[in-house]
Amino acid sequence: MAALLPPPHRIYLLRHAEAAWAEPGQRDFDRPLSQKGFGDAEIVADRAADKGYRPDILISSTALRCRDTAEAVHRAMGETLDMRFVDTLYNASVDTYLEIIDAQDVTSVMLVGHNPTMEQALSALIGQKAMAASVPKGFPTAGLAVIDYIATTAAWRLADFVID
């Protein structure tokens with residue numbers, strides 16, 4: 001994929017919070033958040049809202065754990081937050097994540113998705129070296145990367161990383 005250029009000028013990458021283990025016969029897609037995951041999603045969403053972070057659009061995987069995480073963001077940021085659920089974010093490649101971001105004609109977009117693709121998307125935007133320095137233990141569950149486009153350097157930069 002070619003370099004991702006604005007718009008958007010700000011990208012939020014939110015990995016879903018901790019999921020419960022699958023029950024016998026339950027599909028991975030249908031795993032909800034664990035009790036800890038529900039709490040972590042609420043904490044990260046509230047912290048992001050307290051910092052004034054609010055995307056123009058939130059695009060989430062349709063997997064239950066992502067929908068649960070997106071709903072926490074919706075509660076924290078207000079009922080007017082434009083939310084969309086996209087099947088292709090589940091088991092998607094990093095190119096798919098970046099194409100979805102690139103297709104948005106807004107100032108800021110939030111993706112709620114899965115690892116390892118979240119980590120790969122962050123690395124593709126800010127570079128492997130910057131990602132490894134910023135998130136040395138990998139992209140945690142309920143982790144929110146805030147990435148800004150810096151016009152003077154024509155590059156993406158990690159502005160903040162919010163965790164529970």
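Modeller: The largest nonpolar core has 28 residues, and those with the most contacts inside it are Ile-11, Leu-13, Leu-111, Leu-122, Leu-125 and Ile-147. A nonpolar core here is a set of buried Ala, Val, Leu, Ile, Met, Phe, Trp, Tyr and Cys residues joined through side-chain atoms within 4.5 Å. Buried means under 20% relative accessible area, exposed over 50%, and partly exposed in between, with a 1.4 Å probe and protein chains only.

Colleague: Which elements supply at least two residues of this core?

Modeller: They are strand S1 (10-15), strand S2 (57-61), H3, S4, helix H4 (117-126), strand S5 (144-150) and strand S6 (155-162). Helices (H or I, at least four residues) and strands (E, at least two) are DSSP runs, numbered from the N terminus. Apart from this core lies another, of 23 residues, among them Ala-41, Tyr-53, Ala-70 and Leu-144.

Colleague: What is the basis of these values?

Modeller: This is a predicted model, in which local features need pLDDT of at least 70 and side-chain atom pairs count only at pLDDT 80 or more, while totals for chains, interfaces and linings use all residues. Residues are numbered from 1 along each chain as its sequence is written, and side-chain values use heavy atoms, with hydrogens and water left out.

Colleague: Back to Ile-147, then. What does it touch?

Modeller: Not counting residues up to four places away in sequence, Ile-147 touches His-9, Arg-10, Ile-11, Leu-13, Leu-122, Leu-125, Ile-126, Trp-156, Arg-157, Leu-158 and Ala-159. Contact means heavy atoms within 4.5 Å.

Colleague: And H3, which of its residues are buried?

Modeller: Val-94, Tyr-97, Leu-98, Ile-100 and Ile-101 are the buried residues of H3. Seen down the helix axis, they fall within an arc of 160 degrees, so they line one face of H3; the arc is that of the directions from the helix axis to the C-beta atoms. They pack against S1, S2, strand S3 (82-86), S4 and H4.

Colleague: What follows H3? Is Asp-105 buried or exposed?

Modeller: Asp-105 is exposed, with a relative accessible area of 69%. Its place is in the loop between helix H3 (94-102) and strand S4 (108-113). The C-alpha atoms of Asp-105 and Pro-8 are separated by 6.7 Å, although these residues are 97 apart along the chain.

Colleague: What is the strand order in the sheet?

Modeller: The open sheet of six strands runs S3-S2-S4-S1-S5-S6, with mixed pairing; two strands pair if DSSP finds at least two bridges between them. S3 and S6 stand at the edges with a single partner strand each, so one side of each is left without a neighbour in the sheet.

Colleague: How do S5 and S6 pair?

Modeller: S5 and S6 pair in the antiparallel sense over seven bridges. Tyr-149 stands opposite Trp-156 in S6.

Colleague: New topic: how many aromatic pairs are there?

Modeller: A search of the whole structure finds four. Rings of Phe, Tyr and Trp (its six-membered ring) pair if their centres lie within 6.5 Å; planes under 30 degrees apart count as stacked, over 60 as edge-to-face and the rest as tilted. The pair of Phe-29 and Tyr-90 is edge-to-face, because the ring centres are 5.0 Å apart and the planes are at 90 degrees.

Colleague: Where do Phe-29 and Tyr-90 lie?

Modeller: Phe-29 lies in the loop between S1 and helix H1 (35-50) and Tyr-90 in the loop between S3 and H3, so the pair ties together parts that are 61 residues apart in sequence. Phe-29 counts as buried, at 18% relative accessibility.
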